[in-house]
Every structure is written in structure tokens, then in C-alpha cells.
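Please keep the model open while reading.

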Amino acid sequence: MLDLAREVWRLYTVRTDFFLSLLGQHLYLSAVSIAIAFFLGGAVGVACARNQAVKAVSMAVVNFLYTIPSIAFFGVLIAFTGIGDTTAIIVLSAYALLPMVRNTCTGISNIDPDVMEAAAGMGTPPLALLWRIQLPLALPMILTGLRNMSVMVVATAGIAAFVGAGGLGVAIWRGITTYNLAMAVAGSLLIAFLALSIDFLLGIWEKKFTQRWSS
Amino acid sequence: MKNLAGAAGEPPPIIFREVTAAYGAEPVLDSFSLEVLPGEILTVIGHSGCGKTTSLKLINGLARAQSGSVTVFGQEVGALGPKQLIALRRRIGYVIQGVGLFPHLTVWKNITYVLDLLREEREQSRQKALSLLGLVGLEPELLRRFPRELSGGQRQRVGLARALAFSPRLLLMDEPFGAVDGITRAQLQRLLLGLHRDLRPTIYFITHDIGEALALGDRVLVMRRGRIEQLGPPAEIRERPASDYVRQLTDTIIYKK
Ligand SMILES: Nc1ncnc2c1ncn2[C@@H]1O[C@H](COP(=O)(O)OP(=O)(O)OP(=O)(O)O)[C@@H](O)[C@H]1O
Ligand SMILES: [Mg+2]
């Protein structure tokens, strides 16, 4: 056990460049997927809060996407988009949609009806209602969704290497195929570390935005 | 009878003509006809569920009439398009049942909400917020607080300041002095009467409290099951109740004393 730890540490020090480049790729894949899911999921979430029919359909779709096992998802998609980053990004953002759509929609739907009535009664046009009232008030929920889905994306991105995309999964993949346990562990640890850091940083950000006015 | 102010010849700012309104099968308002006079405080009273809030929402178009018409500032509310409705609402000060301050905005930004929609310049908006705070009897320090950092009475004052921000000629107030203690309530009532004396807006004021209705109203409208039971100056309501229902209402104050 101690040997393993020592060997992992040796890998980090000797092959620093290798791990840094994997880390860079991992961050890139995750960031692109998170951004897509954030804006797409947010937009769908807003639409869901406006219209029950849209909500029923979209929630069914994103729930379905969420439940596809990742291996199957990657496997099917390879047939269409081939091997590489594109496939990985599509799968990762598809998974991330559910928490974004759900939280955005819930955040907007749960706004105090009195507040909505005051806004309407004072002559707020639809777009101003969204920007000035609904999105800011749903922000705590939206940021929670962002945090959950970011952690999930960073963790799941470890599998991207299996479809030929880069990222820390490459170290795990290589470790498994060459019976190099330390290599696999080194990759896994970095992924876990990355996920926890993002959770922590986004957590701080979330508090900063909302602690003053929300109880 | 108190003087019903308002320039001679000015048309009534609100006219209900034979209005029927319903959410389900039961009508909530039933052939409801009323002219609110310019510059008056009309207090509206009646049991919970008799249609007070609904009548108010017909004025700013948050509710729709099934038949009949509601005319505000000479415009028929039911016939207005979305843009015109927004324009109309920006001319009407609105204090809702339960205050409804925006929790994510400071007192300042709450007060100047409508002005900000119209993109009023920052320093001007701050000055305005400050003078409105003074008008409703709050300290300038409160400007940067959030609603949850205020007491119930302070919130209601901010709600009033927000409704007054664009110097509306018409105020709709739905139980604005609800959940506060008696002393605070009396202060708020005095405040409102003072503001009314100085600015002379027309006020449609809903209340549960017959004492408040009689004290504030130039005229009092007693509603019962979506209909007008009696409409008249406070003295008339007190001395010549049109029905047992009205008599019972006014009797409750005598028991209190
Ligand atoms: N949005 C709505 N959907 C369905 N029914 C409603 C709605 N709003 C009000 N009602 C019903 O219409 C009737 C009149 O409601 P309204 O709010 O006008 O009463 P109110 O006189 O203001 O009562 P309160 O003094 O309790 O505020 C009530 O029976 C109420 O249940
Ligand atoms: Mg009501």
C-alpha cells in the first residue's frame, strides 16, 4: 500500500508534463460540456417554467438521457460522431442537462406568487421579468444545479478516454491495459481532486451571490 | 360628509359597468357597477372571499371580466393589448396583499423598481429613493438593506414608497396594513392620510377592518358575495346601514370599544 503511494507520487514527479497535459484536456472537455449544458439546460428550464406541456416533454427527454448507461451512450454515439472529443462532449453535456433543466425550472416555479404579482402589476415586460426577477430569484437553485452537474461532468469525463478523447481517463486507461496499477490510481486521484476542488470553489461562489438576501 | 376633492369636471378614474367575473362556475363579481371619484379614498370592505381583490385586479388587468367593462383613465382595460396594459400599470401604484417586495433587491432598488424599468439615471434614482423613504417615515440607512432585514411595519412602508415612486394619480392598495400591530397600523394610517392630503391621488383601498374602512374612506364600499351591499360616506354607513349585514359590520366596532 505504501509502495503504491510512493509509486504514484513518483509518477507525478517524473511525468509531471504528461499529467498536466491530461489535466488540461480534462478541464477543456469538462468546461465545454458544462458550458453547453448550462446555457442549453438553462434555456430549456426557463421554457419549462412557462409551459406545462414543454415541461412534461423536456423532463421526459432529459430524464431518459440521464438514465442511459455511459458505456452504451458512448458506444451508440461512436457510430454517428466517431471517436474523439465531439462524442465525449455530446455525452457529457447530455448527462448534465437534467440537473440544469430541473433546477432552473424549479427555481423559477418556486418564486413567491406575491412577488410575481407585484412585478406584473407594476408593468414589467416579459423580458425584464426574466432578467430582473425570475433569473436572479432562481439563482441559488441554478447555481446548485451548476455545481452538482459540474462535479458529475468532471467525474464522468474520466470515461471519455475510452472513446478516444483525452483527459485524465487516458492515464486510467493506460494503467488498466498495461497492468500499471499506480498509473490508474494516479489518474483517478487527480479526477477526484479536480471534482472536489470544483465543488468547493463553486460552493463559495454560490454563497457569495445569495447569502445576503436569501434566508 | 368629507369634501370629495378633485378638480371639477374631471372624469372618474375608474368606472365599472355591469361587471361579471368568475374563476369557476360561481361568479365572484356579479353585475358590479361603480364609479370611483377623482382624488377620493374609496375603502372596500367585506368578508374574506367576497371578491375585493378580484375587483382590484380588474382595474390593473391582472384579472379579466367575463362581461361588462372596466374603464381606467378613460381606457377600457379588457380591450388593451399587452404593451398598452404595461403602460397603464406603470401609471398605477400597486400595494399588494402581502407586500410582495423583491427579496433580491435592496430597499433602494425596490423603491425605484419602476423608474429602473424606465432606465432612470442612477443619482437621480438615489435621490428619489431617499426622498420617498423620508416620505414614508423611514431612515436613510435602510436604503441598502434587503427586505428580509426589515420589520413587518418597515416592509409595508417600503411597499408604500415603491407604489408612490412615480407619483401615480391612482393607488391600488390591497390590505396594505395587514400583519402589523395596532400602533404601527395607526401610524401607517396617519401616514397615508397625510400623503393623500398633500398629493391627492385616487386610492382604492381594500381592508378587512371596518374601523380602518370608516377612518380612511371618503366613501366606503361594503361588498357581499360579489355584489355591492352599500356605498356611501362613513357617517352614512354608520348611521343608516342599508342591511343587517352592514349593521353587523359596524356593530363590531362598538363591541370593541
Ligand atoms: N386565481 C384564482 N383562481 C380560482 N379562484 C380564485 C382565484 N382568486 C380568487 N379566487 C376565488 O374567488 C373568490 C374571491 O376571491 P378574492 O381574492 O377576490 O376575495 P377577497 O375578498 O379579496 O378575500 P380576502 O379578504 O380573503 O383577501 C374566492 O372564493 C376565491 O377563492
Ligand atoms: Mg383579498
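A pocket here is an open set of grid points where a 1.4 Å probe fits, with protein on both sides within 12 Å along at least five of seven lines; lining residues have an atom within 4 Å of a point. Note that this is a predicted model.

**The largest pocket**

The largest pocket is lined by 23 residues. Nearest its centre lie Asp112(A), Val115(A), Leu101(B), Pro103(B) and Pro147(B). Its volume is about 450 Å³. Two helices each supply at least two residues of this lining: α7 (126-156) of chain A and α6 (152-164) of chain B. The largest share, three residues, comes from α6(B). By residue class, the lining of the largest pocket divides into twelve nonpolar, eight polar and three charged.

**The second largest pocket**

The second largest pocket holds about 360 Å³ of space. Its lining has 16 residues. Phe38(A), Phe39(A), Gly42(A), Leu135(A) and Ile142(A) are nearest the centre. Four helices of chain A each give at least two residues to this lining: α2 (16-50), α5 (85-109), α7 and α9 (181-210). Which helix gives the most to the lining of the second largest pocket? That is α7(A), with seven residues.

**Ligand 1**

Now to the ligand site. Ligand 1 is surrounded by 13 residues. Ser48(B), Gly49(B), Lys52(B), Thr53(B) and Thr54(B) are the closest. Helix α1 (residues 52-59) of chain B provides the largest share of this shell, three residues. The shell divides into three nonpolar, eight polar and two charged residues.

| Side chain | Distance to an oxygen atom of ligand 1 |
|---|---|
| Ser48(B), N or O atom | 2.5 Å |
| Thr54(B), polar atom | 2.6 Å |
| His208(B), polar atom | 3.2 Å |

How much of ligand 1 does the protein bury? Taken alone, ligand 1 exposes 630 Å², and the protein buries 58% of that.

**The sheet of chain B**

Chain B has an open sheet of four strands, in the order β2-β1-β4-β5. The pairing is antiparallel. Which strands are at the edges? They are β2 (27-36) and β5 (75-76) of chain B, and each pairs on one side only. The partner of β5(B) is β4 (residues 67-72) of chain B, and these strands are joined in the antiparallel sense over two bridges. Within this pair, Val72(B) stands opposite Gln75(B) in β5(B).

**Chain A**

How many helices and strands does chain A have? The secondary structure comes to nine helices and zero strands. Along the sequence, the pattern reads α-α-α-α-α-α-α-α-α. Taken along the principal axes, the C-alpha atoms of chain A fill a box of roughly 70 × 40 × 25 Å.

**Drawing the sites together**

The lining of the largest pocket has three charged residues, and the shell around ligand 1 has two.

Definitions and conventions. Residues numbered from 1 in each chain as written. Chains lettered and ligands numbered in written order. Predicted model: local features only at pLDDT ≥ 70, side-chain atom pairs only at ≥ 80, totals over all residues. Heavy atoms only, no water. Near = heavy atom within 4 Å. Polar contact = N/O pair within 3.5 Å; in protein donor to acceptor, adjacent residues only side chain to side chain. Areas by Shrake-Rupley, 256 points an atom, 1.4 Å probe, with all protein chains shown as cover. Nonpolar A, V, L, I, M, F, W, Y, C, P; charged D, E, K, R; others polar. 1 Å grid on protein atoms, 1.4 Å probe; cavity = no way out; pocket = protein on both sides within 12 Å on 5 of 7 lines; lining within 4 Å. Points joined across faces, edges and corners; volume = space filled by probe spheres on them. Pairing = 2+ DSSP bridges.
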